[in-house]
Amino acid sequence: MKILSVNNAYYPDKGGFSFRTQRIFETYSKNGHEVTVITPSIITDETIDHQYKSLTNITIHRKTNKLSTFFTFRRLLKKEKYDYVITHNFFWWLVSSFFLKKDRLIHEVHSLKFYKSFILKNFQKYILKKWLSNRTSCCFVLSQQAKKILVNHFNFSPEVIVFSPNGYDNTNKPVINKTRSNKFIIGYAGTLHEWQGVKNIIENVDKLLNIGSDVRVHFIGGGPLLSLIKSKLSSNIREGKVFVSGYVDNSIYHQYISEFSVFLIRRDSTTLNNSAIPLKIFDAIKNNIPVVMSDLMALREVLDENSALLYDSSKPEKIVKKCELLYNNRSLQSKLINNANLKLKKWPTFEDVGIKQL
């Protein structure tokens, strides 16, 4: 098959969506399919793409704006006969629906994110229900909750929704030796977005630090709330009680999180959060870190009350009590780590997800 992907972050961008898509598309290619990617991810050294194609047989077109992406999209459609076109956000899903027959259009729902504007949000919901539900041959979703939402609220047939979640990467197991310090490190890792509940963690930092004199709080990652963390927690940062890394490479990221004593996954119960399972939950399990997380349905598709400490997502202050339970409680930590690893063994790898999509 010849497959075209339109407008998703892609190699060498290592964000969550990019990492997922790269692993899945490389599985496509290994199984004999031809993949072309139009991506907004920019590089300065063009030889990287040539080297990547020689290794994977995946062609990359890097376009920075909607107009150049559209012209490239139309040119490739006229030049090549693609069996399937995969879109990754609402805008390009809608645009592609006017140029492709239903049996060629696939959409991957990375998350169900709606516009903030009341008018645009309702327009988006109307288009989903009345147009795109009838113009799409298949939707890949990252959580069972996303499938329920599309079927129950947007008129999609259950038969066209395929559950293909974030997998875990069994080809790149951490080889980092855990060098636990004499500190109890409560850590958050990922992009610093408000919708991921990072503000709630910031507001509870002092209470977390009060759990014990050896407690430290680490934020690994960069993003919109980085400057807020640095300003609000400046005194704790200067005293070494709080550490903020900013964006880091993947290898450095795993080195940092390997030091965690607790891995926080703080997400509110929203449509956006329930429509995706984050990669960080698998990072925690693979690094043998006990997880404290909200009771979000999407998160509970991976871990349950026997493999993580869950708290009511509507009561973010409860995160402190859960961390207190883990503080110096080695038996509880071991129980959660062992049960989480048992869960992971039953979860699909990225290769499994790619094969299922094919």
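Predicted model: local features only at pLDDT ≥ 70, side-chain atom pairs only at ≥ 80, totals over all residues.
Trainee: Which residues have the most contacts inside the largest nonpolar core?
Mentor: The largest nonpolar core has 31 residues, and its largest share, four residues, comes from helix 15 (residues 318-326). A second, separate core of 30 residues includes L4, L112, L128 and I149. Returning to the largest core, the residues with the most contacts inside it are I186, F219 and V292.

Trainee: Which residues does V292 touch, not counting residues up to four places away in sequence?
Mentor: V292 is one of the residues with the most contacts inside the largest nonpolar core. Not counting residues up to four places away in sequence, V292 touches V262, F263, L264, I265, L309, Y311, I319, K322, C323 and L326.

Trainee: Is R266 buried or exposed?
Mentor: R266 lies in the loop between strand 11 (262-265) and helix 12 (271-274), and leaving aside its neighbours within four places in sequence, R266 is in contact with Q196, G197, N200, I201, S294, Y311, S313, P316 and I319. The relative accessible area of R266 is 2%, and the cut-off for burial is under 20%, so R266 is buried.

Trainee: Where does the side chain of D352 find a backbone nitrogen at 2.9 Å?
Mentor: D352 is found in helix 17 (residues 350-357) and is partly exposed, with a relative accessible area of 42%. The C-alpha atoms of D352 and S164 are separated by 8.9 Å, although these residues are 188 residues apart along the chain. The backbone nitrogen that lies 2.9 Å from a polar atom of the D352 side chain belongs to T349.

Trainee: Is the aromatic pair of F98 and W131 stacked or edge-to-face?
Mentor: This pair is one of 18 aromatic pairs in the structure, with 5.3 Å centre to centre and 25 degrees between the planes. F98 lies in the loop between helix 4 (90-97) and strand 5 (105-109) and W131 in helix 5 (residues 118-135), so the pair ties together parts that are 33 residues apart in sequence. F98 is exposed at 55% relative accessible area, whereas W131 counts as partly exposed at 29%. Planes under 30 degrees apart count as stacked, and the pair of F98 and W131 is therefore stacked.

Trainee: How many residues apart in sequence are the parts that F282 and W347 tie together?
Mentor: The ring centres of F282 and W347 are 5.7 Å apart and their planes stand at 40 degrees, so the pair is tilted, and both residues are buried. Because F282 lies in helix 13 (residues 280-286) and W347 in the loop between helix 16 (330-345) and helix 17, the parts that the pair ties together are apart in sequence by 65 residues.

Trainee: Over which ring does the charged end of K66 sit?
Mentor: Elsewhere, ring pairs link Y10, Y11, F25, Y28 and Y52 into a cluster, and the charged end of K125 sits over the ring of F114, 5.2 Å from its centre. The charged end of K66 lies 5.0 Å from the centre of the ring over which K66 sits, that of F91.

How values were computed:
Residues numbered from 1 in each chain as written. Heavy atoms only, no water. Helix = DSSP H or I, 4+ residues; strand = E, 2+ residues; numbered from the N terminus. Buried < 20%, exposed > 50% of the residue type's maximum accessible area, 1.4 Å probe, protein only. Polar contact = N/O pair within 3.5 Å; in protein donor to acceptor, adjacent residues only side chain to side chain. Core = buried A, V, L, I, M, F, W, Y, C linked by side-chain atoms within 4.5 Å. Contact = heavy atoms within 4.5 Å. Phe/Tyr/Trp six-rings, centres within 6.5 Å; stacked < 30°, edge-to-face > 60°. Lys NZ or Arg CZ within 6 Å of the ring centre and 35° of its normal.
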